[in-house]
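Please read the following note with the structure open beside it. The points are numbered so that each may be checked in turn.

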Amino acid sequence: MEQTQTPGLSMKAPKIYVERTLAIIKPDVLHKAEEIEDIILRSGFHIVQKRKVHLSPEQCSDFYSDQYGKMFFPSLTAYMSSGPIIAMTLARHNAISHWKELIGPANSLKAKETQPDSLRAIYGTDDLRNALHGSYCFTSAEREIRFMFPEALIEPVPIGQAATTYLNLFVNSTLIAGLTELCKQKPADPYTWLADWLLKHNPNKPDVEHCVIIQEPTK
């Protein structure tokens, strides 16, 4: 039976937004990179892109341009250009907030007191040598990812009518089917049951490309 399509509605496979953030393993903990990356993966992140690079002081100044004029700025750029770093694009649900929570406060001394299990508490030394960088918000994540990975494509977050249209086309039908089945099954724990059902029957699973590793030539 031939299927008809409503004019004006494109039913091509949807692009699912997966939040991304920039992570940097700083020069003095580069020897712990493998250990840190293992923690990142076990914390539910996908490493989309990875790049080992030795930035010049000028490049560090550009990257940290929002900190320009602060007293620690010269020390910061000198530290970040003192050796190679590893920059990574990390992806997962709420990647920015989850990565900030995992690495802890910017000052490693404070992190050791308030969040001793955070990565900055474990690997950092003080407020300057704090081992790891994480984007502060979506805007900074977008800018920083483009800085480290100029070819990166960052999907926009759908809002307003675009979000409503997306939900109507690609989400609501699956959700209604799940709720209908939930009413039939009447499980003891409906929240967990529905979550598992949606994961199993999700037709729009995020399509995240495999990790791209860029190894910079040795200076």
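1. Of the 219 residues of the protein chain, 37% count as buried, where buried means under 20% relative accessible area, exposed means over 50%, and partly exposed lies in between (1.4 Å probe, protein chains only). The model is predicted, and local features need pLDDT of at least 70, side-chain atom pairs count only at pLDDT 80 or more, and totals for chains, interfaces and linings use all residues. Residues are numbered from 1 along each chain as its sequence is written, and side-chain values use heavy atoms, with hydrogens and water left out.

2. The chain comprises 10 helices and five strands; helices (H or I, at least four residues) and strands (E, at least two) are DSSP runs, numbered from the N terminus. Among the contacts with a separation of 6 or more, 71% are between residues 24 or more positions apart, a contact being heavy atoms within 4.5 Å.

3. Which residues of helix α1 are buried? In this helix, residues 33–42, they are Ala33, Ile36, Glu37, Ile39 and Ile40. They lie on the same side of α1, because they cover an arc of only 155° around the axis; the arc is that of the directions from the helix axis to the C-beta atoms. As a general rule, an α-helix has 3.6 residues a turn, so residues three or four places apart point the same way. Glu34 and Arg42, on the other side of α1, are exposed.

4. The buried residues of α1 pack against several elements, including β1 (20–25), β2 (46–53) and α4 (95–103). After α1 comes Gly44, with a positive phi near 95°.

5. Strand β2 contains Arg51. This residue is buried, with a relative accessible area of 18%. The C-alpha atoms of Arg51 and Ala87 are separated by 5.2 Å, although the two are 36 residues apart along the chain.

6. Helices α9 (residues 172–185) and α10 (residues 190–201) pack at about 135°, with their axes 10 Å apart. Axes are lines fitted to C-alpha atoms, for helices over the stretch in contact, and angles run from 0 to 180 degrees between N-to-C directions. The angle makes α9 oblique to α10: under 35 degrees counts as roughly parallel, over 145 as roughly antiparallel, 65 to 115 as roughly perpendicular and the rest as oblique.

7. Residues of α9 that meet α10 include Leu175, Leu179 and Leu182, and those of α10 include Trp193 and Trp197. By class, this contact of α9 with α10 has nine nonpolar, four polar and one charged residues. Ala, Val, Leu, Ile, Met, Phe, Trp, Tyr, Cys and Pro count as nonpolar, Asp, Glu, Lys and Arg as charged, and the others, Gly among them, as polar.
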